[in-house]
Amino acid sequence: MTRQRGDVVVETRGLCMHFGGVRAVDEVDFTLFDRELRCLIGPNGAGKSTFFKCLTGQLTPTAGDVMIRGQAMTGAEPFEIASLGVGIKTQVPNVFDGLSAEENIWISARRWHDDRRARTLTAETIERLRLGDIRRTQLGRLAHGQRQWVELGMVVAAEPWLVLLDEPAAGMTHEETYRTAELIEEINKTAALIVVEHDMQFIRMISRQVTLFHEGGILMEDTMDAISADKRAREVYLGHRA
Amino acid sequence: MDLVAAIGFQLAYVIANLALISLGLAIIFGMMRVINLAHGEFLMLGGYTVVVATNAGVNVWVAMLILAPLVVGIIGVIVERVLIRWLYGRMVDTLLATWGLSLLLVGLVTSIFGASTATTVSPPLGVIRFGNYSASGYELFLILITIALFFLVWLTLRFTKLGLLARGTMQNAEMASSLGVSTNRIYMITFGLGAAVSGLAGGLLAPMTGVLPTIGATYIAKAFITVISGGSAILAGTTAGSILLGGLNGIFSFVVGSTFGEIALLLAAIVLLRLMPRGITGRFFRKSL
Amino acid sequence: MNSSLLRQMRSTFFFALLGVVFMFAAPQVLQLFTIINLTTAIALAVLALSLALIWGYGGILCFGQVAFFGLGAYVYTISAINFGGSTWAVLMAVLVTSAFAAALGYFIFYGRVSDVYLGVITLTVTLIFFSLIRRTSGPEYKIGNALLGGFNGVSSPPINLPWDSGSFLFPEHVFYVAMAVLILCYVFVGWLVNTKFGRVCVAIRENELRAELLGYDTRLYKLGIFTIGAGIAALGGVLFCNGVGRITPDVFSLYNAALTIIWVIVGGRGTLIGPIGATFALFYLTSALGGQSLLNNNLVLGIILIIFVLLVPKGVAPTVVDWIASRRKKTPRRARRRRGARAEGME
């Protein structure tokens, strides 16, 4: 089933996130192996973004456990999770608007390295993501897609071994989406990834294994082709979109 | 027994006093998410209205209960139109602008009336007795009128069309405006009403405290911590905050002295916010008004 | 990155040098009365600098910076009376104030109190100090040998030479000390905001969640910058009570709290020299207004604050920088270089 079987890097057991009476995430058991690239899909309100926020520490789960590389991280602060070497990109671009692209990426690299190494890494990242033209521009003045790219740059510059991306292709042009897919493939050479996405075309570009969320739980886990062929999956998700 | 009654009365007065000076601020904060730093000056203006009116021969009750809220309410509406409405959604700028307004009002009143205490109004009503202890009848009146005022605000919020609209706007301004409710006008009226309540409170307290241009500063700290400790539910929050903080203040004042009462009040508020950053009603009684 | 650090520090050194020149030139040309007055303005400028750091760079909306200033002055005065010398008293002032700020900051930042509440809480703390100390007029309110004196305040022993507690500094010497403290604090803060710590603080100001997601414990950074800012404010307080000769609870008044905010708003958030300059300008404006009775100080400051919030929200220094930059853009050959430099200089 999975192509890359390695150590388990992310594991949730009976994870629940309830808001009042709403069970946004309900009893989710989830496993991600090292170097795996996993997409989370599902209709709006299926719970994938809430699940994502529980993984990244933005929400404290109502019940259940989150383990990252065997360490219990349930209810940890976002910085504690990031400090394990986890790179995170949120749904809404979260960048430092008043700073330049270069400074944004430097702040990320500087978390792990001394100033010289951080500067080298920043330069490399800018090269790699082709941000040279906008490196001195204040982020607040950039277009949505470019800001997304800088955020990806911040994730990459930290050299993470686990990357969590919430809708990385949202609001990007076709060309940008294609490049994002390429970048994700590249990141995957050194890191495991979880990607929450809506864009089916994009998922087809990058996906190997897909987890389909429905009504707060995991409906099925399989390849994209298998999921597209599955009747239940088409009903809850693909059918909705048609 | 008499002592207990006297202490109980004093405690009730401290709590009512806190609730009275905070209500106007709570209305504006709860409905509009605007923290009005000129709140103390609205109270001050209420006090001056009473002093000026009684000096001109107006009956003191008319001055306190009708003129003070009316004058300050009108000032509130003007302030909303001229200053506040440009800054909705920018909480920090609103804070700063209302602070500027606070300085401006202090300066204006000082220029007109001078920096020292204006002619005071003596508290009407006499003395009430608990056996060997006595208390001012006016304090009893203030407790009662605070309760009445809260009841009136509750009625307004609960049963009038304005209250319904205001609650709607308070929960979701965008949705309310898409339903055709003119949020603009509601904000104006809310701000005016909040100011009027502050004016009334300032007027009622004028006989107890005297009036000074800078008297707002003594009210505003207490009003803030009461409202913020209480949380955003207007009535439940102000009531809870007043009872908790006023109660602590009263008890500590009685046991170790009034200076320590103030310290206890502040410490309680800071610890409370560490435990409940959204105030008491952010944690409990969430659905309340 | 490196060139931006140099550039930023270059302007810091430039203004510091100007300060040194002023420090030695002023007593030669100005009268003693003016020098004594200036000492007070310098003390206030240190306070403005501390708020410029924590609000302008740290994004912490502290409405009660003057509380740390006043607390520093009181701790200095009380310690100096008890110790019979000023050296340890200065140290006590900075340490006690920083410790107080750290404790307060712990509750605020670890409770994740949002910025608007933070402003109100710090302001409240200031006003409580105001009303508390005003009540301490009785003989029972004393710390060691120092009577607190209620609203009359306490007279502050002047600073003495560190090695001789008998030789007090004369007012013109206090001026030198004050100016030196201001320049040193200015260079220190100018350096601090360019260190990793300072840059992370700016990043947190820009987007706290993003900083967290990069693995920075934002609560700790905010607590750090808040505590450092309080320590600097305390130094300002020490200079202030030396310049005035006594310290009274009026230092904690709503008016003074507002004044501190106004310096930073007028000077501009995100710069250091702006708020310092605004402090001197407004100090002389209010002194000049104090001589007449037509326009009240409160009234004028209120109008200034409202005008700046509505019309010049960035403050004077950043507005001037933008204006110069936009003028220079008109020269095409230099435009590219300028634009690059400007983006770097933005902090």
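Two strands count as paired when DSSP finds at least two bridges between them. Keep that in mind for chain A. One caution as well: this is a predicted model.

Let's start with the sheet in chain A. Strands E4(A) and E5(A) run antiparallel, and two bridges join them. Within that pair, Ile68(A) stands opposite Gln71(A) of E5(A).

Gly64(A) sits in strand E4 of chain A, which covers residues 63-68. In sequence, Gly64(A) and Gly14(A) are 50 residues apart. In space, their C-alpha atoms are 4.6 Å apart. Beyond its neighbours within four places in sequence, Gly64(A) contacts Thr12(A), Arg13(A), Gly14(A), Leu15(A) and Cys16(A). Why does Gly64(A) count as partly exposed? Because it has 18 C-beta neighbours inside 10 Å, and buried would take 20 or more.

On to chain B, and one helix. H4 of chain B spans residues 91-113, 23 residues in total. From first C-alpha to last, H4(B) reaches 32 Å, close to the expected 33 Å. Just after H4(B) comes Gly114(B), with a positive phi of about 90°.

Now the interfaces. First, chain C with chain B. Here 35 residues of chain C are in contact with 33 residues of chain B. H5(C) has the largest share, 12 residues. By class, that side of chain C divides into 23 nonpolar, nine polar and three charged residues.

Then chain A with chain C. In this interface, 26 residues of chain A contact 20 residues of chain C. On the chain A side, helices H2 (78-82) and H3 (101-110) each supply at least two residues. The largest share, five residues, comes from H3(A). This side of chain A has 11 nonpolar, eight polar and seven charged residues.

That's the tour. Questions, please.

Note on methods: Residues are numbered from 1 along each chain as its sequence is written. Chains are lettered from A and ligands numbered from 1 in the order in which they are written. This is a predicted model: local features need pLDDT of at least 70, side-chain atom pairs count only at pLDDT 80 or more; totals for chains, interfaces and linings use all residues. Two residues are in contact if their C-beta atoms, placed from the backbone, lie within 7 Å. Helices (H or I, at least four residues) and strands (E, at least two) are DSSP runs, numbered from the N terminus. Ala, Val, Leu, Ile, Met, Phe, Trp, Tyr, Cys and Pro count as nonpolar, Asp, Glu, Lys and Arg as charged, and the others, Gly among them, as polar. The expected span of a helix is 1.5 Å times one less than its number of residues. A residue is buried if 20 or more other C-beta atoms lie within 10 Å of its own, exposed if 12 or fewer, and partly exposed in between; C-beta atoms are placed from the backbone.
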